[in-house]
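Colleague: I would like to learn how to read packing and interfaces in a model such as this one. Could we go through it feature by feature?

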Amino acid sequence: MNRFAYIRKRLILMVFVLFGVTIIIFGMVRIIPGDPAFLILGDRATDQNAAALREQLGLNKPLYEQYWMFVSGFARGSMGDSLLYRQPVADLVGKRVPISISLAFYAMTLAAFITLTFGIWSAVQQGRVADHLIRLSFLFILTTPNFWFGILLILLLALGLRWFPVAGFGETLQEHIWYLFLPALTLGLQLSAVLIRNLRSQIILTMRADYVRTARAKGLSERWVLSRHVLRNALMSTITIFGLQFGNLIGGTLVIETVFAIPGMGQLLFQSITARDYPVVQAITVITAFLVIVVNLFVDLSYSFLDPRVTYE
Amino acid sequence: MNLMSEQVLHSPTLDLRFASSTGIRKRVKQWRLNATLLTGVGMLCVVVLVALGAALLTPYDPIAQQLSDAFLPPFSPAHILGTDNFGRDIWSRIVYSTRLDLQIGFFSVLFPFIFGSLIGVLTGYHGGKLDVLVMRVVDVLMAFPFLVLVIAIMSILGPGLTNLYIAVGVVGWIPYARIVRAETLATRNLEYVQAARTVGCSTARIMLKHVLPNAIAPALIYVFTGMVLAILTGATLSFLGLGPQPPTPEWGAMIAEGRQFLLLAWWMTTLPGLALLVIGVALSLVGDGLAERR
C-alpha cells in the first residue's frame, strides 16, 4: 500500500473514531439513570431551569435528533451556551485553545531536547555512574505528580532564586516564552521521563545491529554513526511512544495550567466542573480527543519519512 | 510424548542448573530475584506496614486541629514533620493517607485487571467480529486523554472514592485487554492448547485453564505500572478537589492545601509529594524487576 492509500485509510478510521468519541460524550449524561437536566444542574436544579435546559439541549426530542443537533453543532463550531457564563461555548473555549496548545508544544520542544540529550548520554554511558544517575532521576520525575513537581520548581526557581515569574502568562511573545518556561519544563521533564527509558533501550539495541558494525568498520566517526545510523532507527519506537503519551501531555497541560494560573482550557475546565457547566466540559473533552487523534495520525505518517523501508499494510 | 517431556525439561520450575548451590544464593537464583525487584519489594513492604500500623506510628489524630500549634516547621519537638495551617500533625496525616492511596491504587487496578484480562483472552482466542468490535471500542477510548475522560466522568458522577474507581475503570481495563489479547494470539495454537481441544475440553475451560494462565504474566507486571498511574490520578483528582473530600488526609489534597502557604510553610506541599514519590518508586521498581526477570 502506498502512502496515499494509507492516508486515505487512516482518515476513514479517524472519522469512525471521531464518531465513537461523540457518541461517548453524547451518551455520558444520558446513560446514567435519572433526568439528565437534573444531573447536569445538580444542586442548582429547579423545575424551571431544568425545563429550560431540556429545551436548550433538546432533551425532550428523540435521541437521534438530539445526537444530530449535538454533532452538527460541533461541525458548525457552535457548541451551545455555557450554563455559567451565559455565552456561547465556542467563544469561551476558542480563546483558550491556542494557549493550551502552545504550552503543550513548548513542552514537547523542551522534551525533545531533554530526551535526546539524556537518552543518548545514558545509552552511551550504559552501566556507568552517569547512566544510573540519569535513570534514577527520571524515575523520580516519572513517579511524582506533575502538579507537585511544578510547585517544587516554583519554590526553587521562582520564589527562591527569582529566575522566573511565579505564575501568569505575560503580554508579548517574549514574555509568553519566559512566563511559560517553568510550566513547559514541568511537562517536558515528565514526558521525557517516559521517552528516555524507551530511547535508551532502543539505542542500546540498535548499537548491536550489523549495519552499525559495518558503519564503524568503514571508519566513520562515532558521532556520525550515532547520529546517522543509530539514532534515526532508534527514534522510530520512541516516536510511537510519544504518540501514545500525547493524551497524557494534554491532560497534564490542563492540570499544570491551574498550578501556574495560565488562562488556558484547564482553568476553564476545572471551573466548569465545580460549576457543573456541562456544555463546556463536553466541548473541552471533544477538542482534546480531536487533538490526540490528529497527532497520532501524524505520528503514524512520520514512520515512512524516518525509515523508507516502512510500507503500510 | 517427546514434545511433552521436552516442555517439562524446559520449564523454569524444573531448572536443574542451580540444584547444587545452597542457601539464600540458591533461592535468589531459583526465584530469579534481582536487585531492582528486591529493593522494590522491600520498599513496598515498608509502605504496607506503615499503612497497616498507622495507629501505632502516629501520636496524633490526623484530623484533630490544634490552632495554637499551626505552621510548626519539621523537626519541632512534638511534631517530627511539622504541622499545617490548622495545627494538624503532618506525619500523622501522611501516614493515614498511605492507607487511602494504597487502597486507591489497589481497587482502581483490581477490577480493570480482571475485566481486561477476560476480554483479552476472549477476543484473542475467538477473534472474528467480537475482536474487531472490541478493538474499535479500544481505539475510541484511547482517543481521549485519560485524565480528561476521567475528569469528565467524575464531573457527572460527582466527587468520591467509588466514582473515582468507576471513572478510572472505564479506561483502565484497556492495557490489560491489549496485553492479554496479544499473548493469547501467541498461545492459542500451541501444542498443549491443541491437545486440550483434542481431548474435548470446553472452550471456556481451554481459555481459563490453559490459555489464560500462560498469557497473564505480562499483564500482572503491568499491574504495578497501573497502580502508580492510578495513585497519581487519584492524587491529581483530589488536588483538583474531585477526590476524597476534606478533612480526609490525602496526599494530593494536602499538596493543594499547602499551596496557599508556599512561602510560609514549604513543608506542607513538599512532604506529601515525597510520600507519593516513595510509593511510586517502590511500585515501579517491583514492576521493572519483574519485567527484568522474564
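Modeller: Leaving aside neighbours within four places in sequence, Val150(B) is in contact with Ala167(B), Val168(B) and Thr233(B), where contact means that the C-beta atoms of two residues, placed from the backbone, lie within 7 Å. This is a predicted model, in which local features need pLDDT of at least 70 and side-chain atom pairs count only at pLDDT 80 or more, while totals for chains, interfaces and linings use all residues. Residues are numbered from 1 along each chain as its sequence is written, and chains are lettered from A in the order in which they are written.

Colleague: How many residues of chain B are in contact with chain A, and which helix supplies the largest share?

Modeller: In general, the size of an interface is often given as the accessible area lost when the parts come together. Here, counting contacts instead, 34 residues of chain B meet 34 residues of chain A, and α7(B) supplies the largest share of the chain B side, nine residues; helices are DSSP runs (H or I, at least four residues), numbered from the N terminus.

Colleague: What does α10(B) pack against?

Modeller: Its buried residues pack against α5, α8 and α9 of chain B.

How values were computed:
Helices (H or I, at least four residues) and strands (E, at least two) are DSSP runs, numbered from the N terminus.
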